[in-house]
Amino acid sequence: MTRKWCVPLLLILGVTAPHAAGPTITIDMTQPSGKVSPRFYGLMTEEINHSYDGGLYAELVQNRAFLDDAASPVHWSVVQGEGAAATIALDRSEPLNKDIGVSLRLDVTQASTGHAAGIVNEGYWGTPVRPKTRYRASFYAKAAPGFNGPIAVSIQSDDGRTTYATANVTGLSRAWKRYELTLESGNVGPTAKARYVLTANRPGKIWFSLVSLFPPTFRNQPNGFRPELMQMLVDLKPKFLRFPGGNYVEGDQIADRFDWKKTIGPLSERPGHMAPWSYRSSDGLGLHEFLLWCEDMNAEPVLAVYAGYSLKGAYVKPGPDLEPYVQDALDEIEYVTGPATSKWGAMRAAAGHPAPFTLTYVEVGNEDFFDRSGSYDQRFAQFSNAIKARYPRLKVISTVGFEHPENQRVHSVRPDVVDEHYYRTVDAFLKAARGQYETYDRKGPEIFVGEWGAYETSFPPWDRRSQAEAPTPNMQAALGDAAWMTEMEKNADIVVMNCYAPLLVHVGPGARQWRPDLIGYDALRVYGSPSYHAMKMFSTHLGDEILKATATDTDVLVSVTRESRSRTIYVKLVNPAGADAPVQFDLKGAGTLASTATAVTLSADPKATNSIDAPDTVAAVTSKVAGVKSSFSYKVPAHGIVVLILEVR
Ligand code: AHR
């Protein structure tokens, strides 16, 4: 007898079926099957795809310190109108200081009122101009005798015909001095077809360093973040931020690692460094800014420390050679958590944050399964022992998870947590969503899925062919991502943290190294991929208890959580199929349910996507569902992701 015939026959016989036949989702509400980790969900970040420079870090000037290229002032050019002439060159003989060992020399040989010459920066794929907006412009400058100004500082249209905002500085001398001024735009239409220009209207020799332009930032913080991008992150309600990587913490070579001590203090003392993703980082967003970023999101840092292994294979031998790196990590933890009276806590206080930040997790390295020397076991042990000796409450994360062979994992000491990374096809995630974590030992170590993301292409994210694809994933990938989130949620007792990667991508030509990415932007606009919307649905509807849900005769994936205080129940449903999926809910021990539930739904053609020009093609919609009781039917839309919010009276 097939199931199809089962119910009618039983009814004819006057027998009540013990379970409704057909597609059924049974939820046991009598008692939770586990606790949802308080650190579910989080964000992962590193400097990739111009995530910070040209992205979240609001600086608008590209190559502000002239260190991006040793041979020429890339991203800068000369502006010289009719009757004006000038040249520019890097000048190592007139550096700003020992950290910024070069300056830009501008030789204005011909200029007069109305015929200025100077320098122009191309920005990060343009310079955004918005109406009635105040910009903070600043730069260091000095001049050869005979020239003391003025320098006109302007934001202009990219053809130079329209000046959106301008102001002058005077008083240049032989000595380096910092100049700061406010530029205010008028009632202009928003555009990114603009440029930042500094000009002189008479001949002279001028040196520049740290030429900067900031628009208004999130909460108006100096050296701050791009507001609309930050808001998108805040809206995800992340519980933690894993930083600074990723490969970015390692660097290609040991000298290119995230050397945190060079990323703090005044910007004039931050030389920046070569990042592994093919461009230099200004380090304007350094350790201190990462911590402020966490605070702005009400999220905890998950701090990755450099562990003596770099991407191209160089490693530091465990033992005495590794000690300075271990000490650096201890100092870094002190910067984050130490009292303002401690050496590094005092540096943090001097930077404006006397109160220590909360820190629970420290990650030792990144993807150390790539270390073919086999040194990670010992390197991890050395770091972990030192961290635990000084900070016994901290939990230490190993970067080799259970997805790697036994002999690559850490054995000398027991990691508190292991970090697993999954970049998978949609189908692979759909499969993994059917029980990958069910067999994991609840005794630990706990699992941190520190990087994950579905790709819908036939090649993986790091493949060059992905350059031809849209930077952000489509609805099909979002279905794979959502399926994976159901698996992590069902096991959120052992999978204590997770974060999608990469988070951010500048959509400008040549800006990216990886796809898919969660959030895209250009100089002026931002948008969320379907996966962003799926994640937001999951992360903003999350209780603290896991309820066991059993799906029978359906391919719909499900996870259920409950808010223990309010008793609100969140049922996440993912239907990857091309037809609506009717399901019968059977809620055991539900008590009295409100008869109307709320459904948040994301459903679209699998190929549908969002883009910088069409940001809202795929968006979540909220509706009401009537007839909710301990047994009720519901249709999960084709290619649909749903959060059903059930209220208990
Ligand atoms: O997320 C992109 C990269 O993927 C990360 O930097 C690295 O950890 C992983 O291989």
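A polar contact is a pair of N or O atoms within 3.5 Å; within protein, one atom must be able to donate a hydrogen and the other to accept it, and residues adjacent in sequence count only if both atoms are side-chain atoms. The model is predicted, so that local features need pLDDT of at least 70 and side-chain atom pairs count only at pLDDT 80 or more, while totals for chains, interfaces and linings use all residues. Residues are numbered from 1 along each chain as its sequence is written, and side-chain values use heavy atoms, with hydrogens and water left out.

**First stop: the ligand**

Select the ligand together with Glu-46, Gly-246, Asn-247, Trp-277, Asn-366, Glu-367, Tyr-423, Glu-451, Pro-502 and Trp-514, which surround it (a residue is near a molecule or strand if one of its heavy atoms lies within 4 Å of it). Next, display the side chain of Glu-451, where a polar atom is 2.7 Å from an oxygen atom of the ligand. In the side chain of Glu-367, an N or O atom is likewise 2.7 Å from a ligand oxygen. For Glu-46, the distance from a polar side-chain atom to an oxygen atom of the ligand is 2.5 Å.

**Second stop: backbone details**

Remain at Gly-246, one of the residues around the ligand. The peptide bond that joins Gly-245 to Gly-246 is cis, with omega about 15°. Gly-246 belongs to the loop between strand 14 (240–243) and helix 3 (247–250); helices (H or I, at least four residues) and strands (E, at least two) are DSSP runs, numbered from the N terminus.

Then select Phe-40 and Tyr-41, which are linked by a cis peptide bond with omega near -15°. Tyr-41 lies in the loop between strand 2 (34–35) and strand 3 (42–44). Proceed to Asn-63 in the loop between strand 3 and strand 4 (76–80). Asn-63 is not a glycine, yet its phi is positive, at about 65°.

Select helix 4 (residues 287–297) and helix 5 (residues 323–337), whose axes are 11 Å apart and which pack at an angle of about 45°. Axes are lines fitted to C-alpha atoms, for helices over the stretch in contact, and angles run from 0 to 180 degrees between N-to-C directions. Helix 4 and helix 5 are therefore oblique to each other (angles under 35 degrees count as roughly parallel, over 145 as roughly antiparallel, 65 to 115 as roughly perpendicular and the rest as oblique). Leu-287, His-288 and Leu-291 of helix 4 make the contact with Glu-332, Tyr-335 and Val-336 of helix 5, where contact means heavy atoms within 4.5 Å.

**Last stop: helix 9 and helix 10**

Finally, select helix 9 (residues 475–490) and helix 10 (residues 530–539). Their axes come within 8 Å and cross at roughly 25°. Helix 9 and helix 10 are therefore roughly parallel to each other. Residues in this contact include Ala-478 and Met-485 of helix 9 and Ala-534 and Phe-538 of helix 10.
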